[in-house]
Amino acid sequence: MILDGHTTIEHNMPIAVLQDDVVQLWKRSQTAYTPTLIVNYGSVSGEYYWYQHTNVWEKERLLRFTPREVIDARSRHRTMLPEEEYVNGHILSSKNLKRLSDAGVLVNMGAHGQIQGIGAHWEIWMMTQGGMSALEALKTATINPAKSLGLDANVGSLETGKLADLIVLDKNPLENIYNTEKIKFTMANGRLYDAEEMNETGNHPKARGKFPWELYKNATSFPGMMKQPGMAVGVGSIDRSGDYLLLFSNASLVIFWSLKK
Ligand SMILES: [Zn+2]
């Protein structure tokens with residue numbers, strides 16, 4: 001793909017050791033790299049590290065912006081692996097991307113859509129597990145992808161004349177990379193939102209509307225696996241396979257029934 005001239009490589013190289021010829025080729029091609037350690041090739045995916053090591057279902061802000069059953073379905077029934085599965089898995093991939101980054105390859109944070117919001121943080125954190133500094137990891141989520149896509153004149157860093165897309169943190173992520181979660185404000189194209197609730201604040205204060213799943217009184221009650229069919233369509237997708245109608249809510253099958261009555 002690099003020889004064919006792709007702009008970026010999505011997903012990691014599923015091998016343990018990158019030889020110098022690969023590093024040199026990658027560097028000189030100026031092809032960027034979006035490893036998505038969250039879905040690691042050649043091992044268990046990095047996503048499972050965070051289900052194992054953190055109680056994802058207790059993250060209140062995440063639950064505010066995602067239907068509870070989506071989080072519960074992915075996080076509560078967690079697989080517990082010996083630590084070396086991760087060390088020889090996504091952490092090894094992370095060491096490789098550090099090597100490529102040191103050689104001059106642009107490495108980008110891509111969260112793969114597993115869980116919106118927190119997934120981007122996991123990916124940044126996993127960059128540091130292979131040896132990147134906090135600053136290097138933050139660049140994978142800001143200026144690096146902007147350069148990779150040719151948008152660095154408009155976004156990717158704080159500069160006069162660039163678009164006002166930024167976040168304000170309560171704590172310093174250079175001191176502790178996990179502080180990327182401590183977001184106080186989000187500014188999108190110059191409009192300011194409080195990150196806790198995503199109500200607009202600043203010059204145009206306005207409470208946000210409700211998400212579809214907040215409109216049903218039982219939609220987010222624990223254990224929350226029962227939903228109205230219309231809701232499932234709202235947050236997931238429909239797959240007509242044969243005689244059955246399947247409704248998915250992200251990773252979990254919510255409802256299916258026969259179309260032949
Ligand atoms: Zn993928």
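**Figure 1. Right-handed crossing of helices H1 and H6.** In this predicted model, H1 and H6 cross in a right-handed sense (left-handed means that the near helix is turned anticlockwise from the far one by less than a right angle, right-handed that it is turned clockwise). The helices and strands named here are DSSP runs numbered from the N terminus, with H or I runs of at least four residues taken as helices and E runs of at least two as strands. The axes of H1 (residues 20–29) and H6 (residues 90–103) come within 9 Å and cross at roughly 50°. H1 is therefore oblique to H6; angles under 35 degrees count as roughly parallel, over 145 as roughly antiparallel, 65 to 115 as roughly perpendicular and the rest as oblique. Axes are lines fitted to C-alpha atoms, for helices over the stretch in contact, and angles run from 0 to 180 degrees between N-to-C directions. Val 23, Trp 26 and Lys 27 of H1 meet Arg 99, Leu 100 and Ala 103 of H6, a contact requiring C-beta atoms, placed from the backbone, to lie within 7 Å. By class, this contact of H1 with H6 holds 4 nonpolar, no polar and 2 charged residues (Ala, Val, Leu, Ile, Met, Phe, Trp, Tyr, Cys and Pro count as nonpolar, Asp, Glu, Lys and Arg as charged, and the others, Gly among them, as polar).

Residues are numbered from 1 along each chain as its sequence is written. Because the model is predicted, local features need pLDDT of at least 70 and side-chain atom pairs count only at pLDDT 80 or more, whereas totals for chains, interfaces and linings use all residues.

**Figure 2. Packing of H6 against H7.** The axes of H6 and H7 lie 7 Å apart, and the two helices pack at an angle of about 75°. H6 is thus roughly perpendicular to H7. His 90, Ile 91 and Ser 94 of H6 make the contact with Met 126, Met 127 and Gln 129 of H7. The classes represented in the contact of H6 with H7 are 3 nonpolar, 3 polar and no charged residues.

**Figure 3. The largest nonpolar core.** This core comprises 27 residues, of which Trp 122, Ile 124, Met 127 and Ala 137 touch the most other members. A nonpolar core is a set of buried Ala, Val, Leu, Ile, Met, Phe, Trp, Tyr and Cys residues joined through C-beta atoms within 7 Å. A residue is buried if 20 or more other C-beta atoms lie within 10 Å of its own, exposed if 12 or fewer, and partly exposed in between. At least two core residues come from each of H2 (47–53), H4 (68–75), H7 (118–129) and H8 (134–140). H7 gives the most, with 6 residues. Not counting residues up to four places away in sequence, Trp 122 touches Ile 38, Gly 46, Glu 47 and Trp 50.

**Figure 4. Burial of helix H4.** H4 is mostly covered, with 6 of its 8 residues buried. The buried residues are Glu 69, Val 70, Ile 71, Ala 73, Arg 74 and Ser 75.

**Figure 5. Two exposed loop residues.** Pro 14 lies in the loop between strand E1 (8–10) and H1. Pro 14 counts as exposed because it has 10 C-beta neighbours inside 10 Å. Leaving aside neighbours within four places in sequence, Pro 14 is in contact with Tyr 41 and Gly 42. Glu 196 is placed in the loop between strand E5 (191–194) and strand E6 (200–201). With 12 C-beta neighbours inside 10 Å, Glu 196 also counts as exposed.
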